[in-house]
Amino acid sequence: MTVMTAAAIEEFLDEVFPFRQGTIEGVDEMRATMSLAIEDEHLRPGACVSGPSMMALADVCLYVAILAQIGPEAMAVTSDINCHFLRRARGDRDLIANARLIKLGRRLAVGEVELFSAGDDEPVAIVTATYVLPDRDEDDD
């Protein structure tokens with residue numbers, strides 16, 4: 001069950017993480033979807049989206065999925081992130097991130113994010129990440 005809506009998360013992020021990129025498209029139980037309108041600053045030579053831009057969107061999208069489950073927590077931080085680039089992300093299309101939490105424990109959250117060029121069925125990258133969560137109620141597992 002989600003405890004924050006996409007709008008509430010956007011408002012929270014505006015306060016604690018105002019320089020993030022991307023727009024929250026939706027949140028659901030253990031999931032989040034975001035998009036990034038690609039601008040020149042996101043491109044590398046060859047008119048494809050840069051790796052840092054893709055990883056940044058994936059990182060924020062997974063953070064959004066976590067916030068939807070645990071509520072406003074600024075100190076949930078990335079402790080590990082791994083990206084597998086699968087194919088060129090088109091520079092003429094938005095980048096879409098679909099995050100899924102694999103495990104949400106008391107101290108750690110683990111998830112994966114599939115990144116797509118808008119309109120394509122095949123992912124351009126797969127990102128896995130672990131977040132360290134601040135102490136929460138003991139009855140959380």
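This is a predicted model: local features need pLDDT of at least 70, side-chain atom pairs count only at pLDDT 80 or more; totals for chains, interfaces and linings use all residues.
**The chain as a whole**

Switch to the C-alpha trace and orient the view along the principal axes; the trace spans about 50 × 25 × 25 Å. The radius of gyration is 15 Å, which agrees with the value near 14 Å that a compact globule of 141 residues would have. If contacts are displayed for pairs at least 6 apart in sequence, 66% of them join residues at least 24 apart.

Next, show the surface. The chain exposes about 7500 Å², and carbon and sulfur atoms supply 48% of this area. Buried residues account for 40% of the 141 residues. Then select the charged side chains: 12 are positive and 26 are negative, and the centres of the two sets lie 7 Å apart.

**The largest nonpolar core**

Hide the surface and turn to the interior. In soluble globular proteins, nonpolar side chains tend to be buried together. Here the largest nonpolar core has 39 residues, and Leu95 and Leu115 touch the most other members. Select helix H1 (6-16), strand S2 (31-36), helix H2 (51-70), strand S6 (95-104), strand S7 (108-117) and strand S8 (125-132) to see the elements that each give two or more residues to this core. Helix H2 gives the most, with 13 residues.

Which residues surround leucine 95, once neighbours within four places in sequence are set aside? Its contacts are Met34, Ser35, Leu36, Ile38, Val49, Met54, Leu57, Ala89, Leu115, Phe116 and Val124. Leu115, listed among these contacts, is the residue named beside Leu95 for touching the most other core members.

**Glutamine 69 in helix H2**

Now move along helix H2 to glutamine 69. Is this side chain buried or exposed? Glutamine 69 has a relative accessible area of 12% and is therefore buried, as the limit for that class is under 20%. Beyond four places in sequence, glutamine 69 is in contact with Met1, Thr2, Val3, Asp28, Glu29, Met30, Leu101 and Leu104.

**Two residues with positive phi**

From glutamine 69, step to one of its contacts, Met30. Methionine 30 sits in the loop between strand S1 (23-28) and S2. Its phi is near 65 degrees, a positive value in a residue other than glycine. With 22% relative accessibility, methionine 30 counts as partly exposed.

Select alanine 47 next, in the loop between strand S3 (43-44) and strand S4 (48-49). Phi of alanine 47 is near 60 degrees, again positive in a residue that is not glycine. Alanine 47 is partly exposed, at 44% relative accessibility.

Finish at proline 134, in the segment after S8. Which residues does proline 134 touch, not counting those up to four places away in sequence? They are Glu73, Met75, Ala76, Arg106 and Arg107. To compare sequence with space, draw a C-alpha to C-alpha distance from proline 134 to isoleucine 70: the two are 64 residues apart in sequence and 11 Å apart in space.

Key. Residues are numbered from 1 along each chain as its sequence is written. Side-chain values use heavy atoms; hydrogens and water are left out. A nonpolar core is a set of buried Ala, Val, Leu, Ile, Met, Phe, Trp, Tyr and Cys residues joined through side-chain atoms within 4.5 Å. Buried means under 20% relative accessible area, exposed over 50%, partly exposed in between (1.4 Å probe, protein chains only). Helices (H or I, at least four residues) and strands (E, at least two) are DSSP runs, numbered from the N terminus. Contact means heavy atoms within 4.5 Å. The radius of gyration is taken over C-alpha atoms; the globule rule is 2.2 Å times the number of residues to the power 0.38. Accessible areas come from the Shrake-Rupley method with a 1.4 Å probe; for residues, only the protein chains shown count as cover. Lys and Arg count as positive and Asp and Glu as negative; His and the chain ends are not counted. The place of a charge is taken as NZ of Lys, CZ of Arg, CG of Asp or CD of Glu.
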